[in-house]
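The following note is intended for a reader who is new to protein structures. Please examine the sequence and the structure first, and then read the points in order.

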Amino acid sequence: MNGDVSLTPVTDDEALARFVLFRGWIRSSNSTVKPDAFIPYPYPDLSVTRHIGLSEQEIWQLGQAVADSRPATLHGRADIQALQVTGRSLRIVPTSEPKNHANITGWPKDKPVQKIIALQLAADACYVTRPSGN
Amino acid sequence: MTLATLESPQLSYSAVPTRGAGPEAYFIAKQSEEGRRRLRETHSLGLGADRAFEELFVVARECRSQNWDGYGASPIASQTFNHACRFLGALPLGIPAPSIGAEPDGHLTFEWHRSLRWTLSISVSPEGDLHYAALLGSSKVYGTEPFFGETPSRILELIRQVIFL
């Protein structure tokens, strides 16, 4: 499936990916993601990638591009539904670059409030380990 | 008090804070520190403190450069690492060792996790503030406590709620 979705508004049923390059964001006990992965920085944005219009392979390719910018190992991704984001008074703003990128914005400045939202997002997120060969 | 640094990773424990002054108070504090160190070294209590210090050092090392998360993260500053060492060293015996992490804004984190809805996360800032947030079943709590060398009672209460209740 192709097509430029850059400027289309994000719908509540869309899936969003936060790529994980740091092992410390994954709980080794049960392969879930820590809230640390969802702290917005550089403030006030949290970068995510929209799944819409992408195959699994293309999603991993975009993740690899994030990893290559460091460079670092791409361990996996934390997927979250847009509804879980907007339901917490945050907004999802698509950007034209890079492909399928969006910013989760509207975060409060107060760190403890950011943390409780990040905890809730992490509890709702689904961690997907990068498959070998991608 | 000897603390590990990012350049010199010897693992040791911070001194127990003492409110007294003079040689007696110093002696008691030193003895107390030594006792804590020995207890932790036995591993018989299952505290995992050495492993936690090791994990803290590894995380701080891994996150010491700019953009360690690929999204523009701030590096972990040495003062953040020092505060985190002191916080970990000040945890009372009997508290299970936390999992160590880092946030993109350069804070180090300590997590006690029982399940997705029973989790406590504490961020240590470069200023030594402890920002905490916890999911306690259907309720949530969050806030900030200053760190002056002893584990704040609010934090201890939350750890016990998440782990033991």
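**Note on chain A and its interface**

1. Of the 134 residues of chain A, 53% count as buried, that is, under 20% relative accessible area with a 1.4 Å probe, protein chains only. The model is a predicted one, in which local features need pLDDT of at least 70 and side-chain atom pairs count only at pLDDT 80 or more, while totals for chains, interfaces and linings use all residues. Residues are numbered from 1 along each chain as its sequence is written, chains are lettered from A in the order in which they are written, and side-chain values use heavy atoms, without hydrogens and water.

2. Chain A contains three helices and eight strands (DSSP runs: H or I of at least four residues, and E of at least two, numbered from the N terminus). Their order along the sequence is β-β-β-β-α-β-α-β-β-α-β.

3. The C-alpha atoms of chain A fill a box of roughly 40 × 35 × 25 Å along the principal axes.

4. At the interface, 30 residues of chain A are in contact with 39 residues of chain B, contact being heavy atoms within 4.5 Å.

5. Seven salt bridges are found across the interface of chain A and chain B (a side-chain nitrogen of Lys or Arg within 4 Å of a carboxyl oxygen of Asp or Glu). One of them joins B:E111 to A:R27, with the closest N and O atoms 2.6 Å apart. On the side of chain A that touches chain B, β1 (15-20) and α3 (111-124) of chain A are the elements that give two or more residues. The largest share, 10 residues, comes from α3(A).

Terms used: Buried < 20%, exposed > 50% of the residue type's maximum accessible area, 1.4 Å probe, protein only.
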